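Visitor: I would like to learn how to read a few features of a model. Please take me through them one at a time.

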Amino acid sequence: MLARIQISEAIDNLNTAMQRAMAGRPEVGGFPYLAETLRRAGVERNLWLLPACQSLYLTEHGPVVTIGTPLVKGTVDVPAFDCGALITALRTDQAGKSTFPEFLAWQAGVIRYEVDFAARTVSYYGSNGEEYVEEYPGVELSFPSP
């Protein structure tokens with residue numbers, strides 16, 4: 001039986017922050033804007049499991065999980081971790097030239113990633129413990145904190 005979804009303060013806060021971020025996010029270099037908007041809304045970490053397209057937001061209002069459309073179905077081989085392909089996917093996204101599924105870098109062997117909004121880092125992980133950590137710049141937002 002599926003759990004009934006309630007709109008808690010944590011969900012409402014996250015949804016409001018996401019809407020605000022997406023409305024004002026620049027097409028090029030938009031991730032730092034999104035990240036700062038979420039940080040200001042009390043989101044501390046974001047943990048993604050790529051094959052399932054599952055995202056866990058750890059917030060000061062409580063944890064929230066979002067389940068998207070899985071990237072794969074059934075039993076599949078996991079691509080080998082390819083740091084060069086990951087960096088290419090990141091730079092393409094940062095230039096505003098990719099879609100969200102392309103950014104996820106499944107083909108580069110990334111199975112999960114973690115955003116630390118306080119440290120301004122994103123850590124990408126492969127299935128054999130490979131790791132690539134990238135810092136992102138802080139940005140100034142033109143709207144007040146919630």
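Visitor: Is Cys 53 buried or exposed?

Guide: First, the ground rules. This is a predicted model, where local features need pLDDT of at least 70, side-chain atom pairs count only at pLDDT 80 or more, and totals for chains, interfaces and linings use all residues. Numbering runs from 1 along each chain as its sequence is written, and side-chain values use heavy atoms, with hydrogens and water left out. Buried means under 20% relative accessible area, exposed over 50%, and partly exposed in between (1.4 Å probe, protein chains only). Cys 53 has 9%, so Cys 53 is buried.

Visitor: Where does Cys 83 fall?

Guide: Cys 83 is partly exposed, because its relative accessibility is 29%.

Visitor: How many disulfides does the structure hold?

Guide: A disulfide is a pair of cysteine sulfur atoms within 2.5 Å. The structure holds zero.

Visitor: Which residues does Asp 116 touch?

Guide: Contact means heavy atoms within 4.5 Å. Leaving out residues up to four places away in sequence, Asp 116 touches Glu 44, Arg 45, Thr 121 and Tyr 136. Asp 116 is buried, at 16% relative accessible area.

Visitor: How is empty space found?

Guide: A probe the size of a water molecule is rolled over the atoms, which shows where empty space is left. A pocket is an open set of points on a 1 Å grid over the protein atoms alone, where a 1.4 Å probe fits, with protein on both sides within 12 Å along at least five of seven lines; lining residues have an atom within 4 Å of a point.

Visitor: Which residues lie nearest the centre of the largest pocket?

Guide: Arg 25, Phe 31, Leu 34, Phe 100 and Phe 103, out of 36 lining residues.
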